[in-house]
Amino acid sequence: MTTAIYTHPDCQRHEMGSWHPESPARLQAIEDQLIASRISSFLDYRQAPEAPEQALARVHTDAAIALIRDNTPKSAGSNGGDHFAADDERQAGYYPIDGDTSLNAWSWRAALRAAGAAVAATDAVIAGELDNAFCAIRPPGHHARPSEPMGFCLFNNVAIAARHALEVHGLQRVAIADFDVHHGNGTEEAFIDDPRVLMVSFFQHPFYPYTGAQPLSRIVPNSVNVPVPAHSRGDTVRQLIAERWLPALEAHRPEMIFISAGFDAHREDDIGQMGLVEADYAWITQQLMAVADQHGQGRIVSCLEGGYNLSALGRSVVAHVKALAGLD
């Protein structure tokens, strides 16, 4: 099997303050663990291109795109950096989007690289160059709504890639599997009335962003949302996936699967209160691969979402990538 890792240094240059859990150190932790696991030589490392605005516009409104593009702070230098002129708010270092999300001088470029990785990986997998790919990218995406960024997320990378597969490559049915501890509200909203896209997810509930479960959001036929209580462990999640996700995926027969790969449901991650471990992420990945093998020529593109305990994040990504590469 050929598994690629898509990433770019620009994705580490976006940051929202030294206090913020969604930090550049996340990608460094993943890189370190991939090296330590000694699987790097089995992977195809590829640089993420910048996504064209046309790709973003398949999911996001012009206003949502302009909000990021036009408010990214300008650095005192010509290519971004640590020193900012303070002539106005946009040049003061950070531009606030909401209480959890802000822009620095690299944010626009990083967001283009993150979406570009997902699109390029989709192209390569559909072309048969790769069996599958993992995009080690940030900012994450699954909270980004078509109309606005939110919750650490600027553009919805997985939604952009899925729409690219449908509109550019002509696929008829795709699925998005989201195993982040938070519900992917932006992804659900992007495809809420599109029967070509099945979204399956589990998430801690009640929990941010307080969507995905009755009566907080409407239930639609192409979403299989599985809210689970805090402190749920891997055995509970595996049973729910077997009972809820897999029958829906089999019925949908996706020609490609996209994964919103958040690892903040790990038992060591303090962002959430769930109890998954690395073996659970490997098992989930293997179940999705079996569906992809049966209906979609094995085609999978996975994109990093959450995961904030650096050690647990790195180890979980290794387990996920090893499963994708057939190295278990």
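How many aromatic pairs does a search of the whole structure find? The search finds six of them, where rings of Phe, Tyr and Trp (its six-membered ring) count as a pair if their centres lie within 6.5 Å, with planes under 30 degrees apart called stacked, over 60 edge-to-face and the rest tilted. The model is predicted, with local features requiring pLDDT of at least 70 and side-chain atom pairs counted only at pLDDT 80 or more, while totals for chains, interfaces and linings use all residues. Residues are numbered from 1 along each chain as its sequence is written, and side-chain values use heavy atoms, with hydrogens and water left out.

Two of the pairs are set out below.

| Pair | Centre to centre | Angle between planes | Class |
|---|---|---|---|
| Trp108 and Phe155 | 6.1 Å | 80 degrees | edge-to-face |
| Phe179 and Phe263 | 5.6 Å | 65 degrees | edge-to-face |

Trp108 belongs to helix H5 and Phe155 to the loop between strand E5 (132-135) and helix H6, so this pair ties together parts that are 47 residues apart in sequence; helices (H or I, at least four residues) and strands (E, at least two) are DSSP runs, numbered from the N terminus. Trp108 is buried at a relative accessible area of 17% and Phe155 is buried at 2%, where buried means under 20% relative accessible area, exposed over 50% and partly exposed in between (1.4 Å probe, protein chains only). The other pair links parts of the chain 84 residues apart, with Phe179 in the loop between E6 and helix H7 (185-190) and Phe263 in the loop between E9 and helix H9 (278-295). Both Phe179 and Phe263 are buried, and together with Tyr281 they form one aromatic cluster.

The sheet is open and has eight strands in the order E2-E1-E5-E10-E9-E6-E7-E8, with parallel pairing; two strands pair if DSSP finds at least two bridges between them. Strand E2 (43-47) and E8 stand at the edges with a single partner strand each, so one side of each has no neighbour in the sheet. Strand E9 (residues 257-261) and strand E10 (residues 300-304) run parallel and are joined by five bridges, and Ser260 has Cys303 in E10 as its bridge partner. Helix H6 (residues 157-167) packs on the sheet, touching strand E6 (174-178), strand E7 (197-204), E9 and E10, and its direction makes about 175 degrees with that of E9. These angles run from 0 to 180 degrees between N-to-C directions, with axes fitted to C-alpha atoms, for helices over the stretch in contact. H8 lies across E6, E7 and E8 and runs at about 170 degrees to E7.

In soluble globular proteins, nonpolar side chains tend to be buried together. The largest nonpolar core here has 95 residues, of which Tyr6, Phe202, Trp245, Phe258 and Ile284 touch the most other members; such a core is a set of buried Ala, Val, Leu, Ile, Met, Phe, Trp, Tyr and Cys residues joined through side-chain atoms within 4.5 Å. Helix H5 (residues 107-126) gives the most to this core, with 13 residues.

Leu288 is found in helix H9 and is buried, with a relative accessible area of 1%. Leaving aside neighbours within four places in sequence, Leu288 is in contact (heavy atoms within 4.5 Å) with residues including Ala177, Trp245 and Ile257.
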